[in-house]
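Subject: Structure handover and notes

Hello,

Here is the structure I said I would pass on. My notes on it follow below.

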Amino acid sequence: MPVVRRDVPIVHEWVGTADGLVNATIRAQVTGYLIRQDYREGDVVRKGQVLFEIDPRPFRAALDQAKGELARQEAQHANAKANLDRIRPLVAQNAVSKKDLDDAIGAEQSTLAAVIAARAAVENARLNLGFTRITSLINGVAGLARAQVGDLVGPAAQGGELTTVSTINPIKVRYTVNEQAYIDFMRRFSSEAAGLEEARKLEIELFLADGSRYPYRGTFYAIDRQVDVRTGTLRVEALFPNPRHLLRPGQFVRVHVHIGIKKGALLIPQRAVTELQGGYQVAVVGPGNRVEVRAVKAGERVGTLWVIDEGLKPGERVVAEGVQKVRQGLAVTPKPFAPASTAAREPPAKPDTGR
């Protein structure tokens, strides 16, 4: 088959995992018995919607007790203040000692501090009573309940987790790119900011587990700050519209990132390329129909074709069938190779990710 030159789309393919844009773990902040579940598992819930209720009676009693203590402290402070108001004019007349005035001032300030502490205790008791109604902090889809009505729940009981609410429209898709792909993309720009700005313009597509194309395209969202030293990869996140909730957290997908168009790429069938000790070589049929085994630098894959960056020229003929039978200098009788499908119907390019 002759080496073909044409423009090809460059698309990187990665395996991704869907996750909620925000995943709020709903926990109990006070300890008590769960008396009601106010949502249906798996339903969409609104911010502020009550999900669970804890028996409020002990907390209502604690609030009443705190209010009573506040009233007692306020009464004592009122008495101390009135006593101070009586003593002040007497000091000017030398009717009482300076010590009596100091004692009155100390008593008034001490009772005022007690009032402030009692008010704080009332507010704390009021908050604890409010915490018996456990609400969603975000809009999203509520998961299965981790506790049942009648369970003793609290910050220390089974971790305190009752359920999780996830924002899934838009939904976040995480995937990892290898270090080389990151370097190849970012070195095209003068700064990281310019590279990230261009990344936000990339077209990103999803393919579901059944092979179908997801109907909505996504956009670049974020990239991790460091390379994973164990795998040599960077974690990237993209956002996708999800109005029908077709995607759910934990779902595996294939991510296609359209990097751009490679102008004048040289293409040959993938079956014509032989990998040997980490390198690539092809059998070229030269003058006199003699075979030359030549080392090449392989680039992206385009369906059943392979982009060759170095080592071939347009129009040269490569062996696409019977590669295992040829050797250097062998004379052959070449016949045209008939591929099963045309390059025009091939899917977008995929890099050799090394996975």
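Where is the place of Asn 289? Asn 289 sits in the loop between strand S14 (279–285) and strand S15 (291–302). Its phi is near 55 degrees, a positive value in a residue other than glycine. Asn 289 is partly exposed, with a relative accessible area of 27%.

Please keep in mind that this is a predicted model. The protein chain has an average pLDDT of 88, and 94% of the residues score at least 70. Confidence is highest in strand S4 (residues 50–54), at a mean of 96, and lowest in strand S18 (residues 349–350), at 48. Over residues 342–355 pLDDT stays under 50, and for this stretch the model has 35 contacts beyond four places in sequence.

Backbone

A second residue with a positive phi is His 245, at about 55 degrees, although His 245 is not a glycine. His 245 is found in the loop between S11 and S12. With 24% relative accessibility, His 245 counts as partly exposed.

The peptide bond from Asn 169 to Pro 170 is cis, and its omega is near 5 degrees. Pro 170 belongs to strand S8.

Strand S4 and its surroundings

Five of the five residues of S4 are buried, so S4 is largely enclosed by the rest of the structure. S4 pairs with strand S2 (residues 32–37) in the antiparallel sense, over three bridges. In that pairing Leu 34 stands opposite Ile 54 of S4. S4 also pairs with S5, again antiparallel and over three bridges. There, the bridge partner of Phe 52 is Ile 134 in S5.

Thr 132 is placed in the loop between H2 and strand S5 (133–135). At 3% relative accessibility, Thr 132 counts as buried. Leaving out residues up to four places away in sequence, Thr 132 touches Val 30, Phe 52, Glu 53, Ile 54, Asp 55, Pro 56 and Phe 59.

Helices

The buried residues of helix H3 (residues 179–186) are Ala 181, Phe 185 and Met 186. Viewed down the axis of H3, these buried residues fall within an arc of 120 degrees, so they line one face of the helix. What covers them includes strand S1 (4–27), strand S8 (161–178), helix H4 (192–199) and strand S12 (252–269).

Arg 88 is found in helix H1 (residues 57–92). Arg 88 is partly exposed, with a relative accessible area of 45%. Not counting residues up to four places away in sequence, Arg 88 touches Leu 101 and Ile 105. The C-alpha atoms of Arg 88 and His 256 are separated by 83 Å, and the two residues are 168 residues apart along the chain.

Asp 100 is found in helix H2 (residues 98–130). With 33% relative accessibility, Asp 100 counts as partly exposed.

Aromatic residues

A search of the whole structure finds five aromatic pairs. One of them is formed by Tyr 214 and Phe 240, which are edge-to-face at 6.3 Å centre to centre, with 75 degrees between the planes. Tyr 214 lies in the loop between strand S9 (203–207) and strand S10 (219–223), and Phe 240 lies in strand S11 (residues 233–240), so the pair ties together parts that are 26 residues apart in sequence. Are Tyr 214 and Phe 240 buried or exposed? Both Tyr 214 and Phe 240 are buried. Together with Tyr 216, Tyr 214 and Phe 240 form one aromatic cluster.

Elsewhere, Arg 301 lies over the face of Trp 306, at 4.2 Å from the ring centre.

Regards

Key: Residues are numbered from 1 along each chain as its sequence is written. This is a predicted model: local features need pLDDT of at least 70, side-chain atom pairs count only at pLDDT 80 or more; totals for chains, interfaces and linings use all residues. Side-chain values use heavy atoms; hydrogens and water are left out. Buried means under 20% relative accessible area, exposed over 50%, partly exposed in between (1.4 Å probe, protein chains only). Helices (H or I, at least four residues) and strands (E, at least two) are DSSP runs, numbered from the N terminus. The arc is that of the directions from the helix axis to the C-beta atoms. Contact means heavy atoms within 4.5 Å. Rings of Phe, Tyr and Trp (its six-membered ring) pair if their centres lie within 6.5 Å; planes under 30 degrees apart count as stacked, over 60 as edge-to-face and the rest as tilted. A charge sits over a ring if NZ of Lys or CZ of Arg is within 6 Å of the ring centre and within 35 degrees of the ring normal. pLDDT is the predictor's confidence in each residue, from 0 to 100. Two strands pair if DSSP finds at least two bridges between them.
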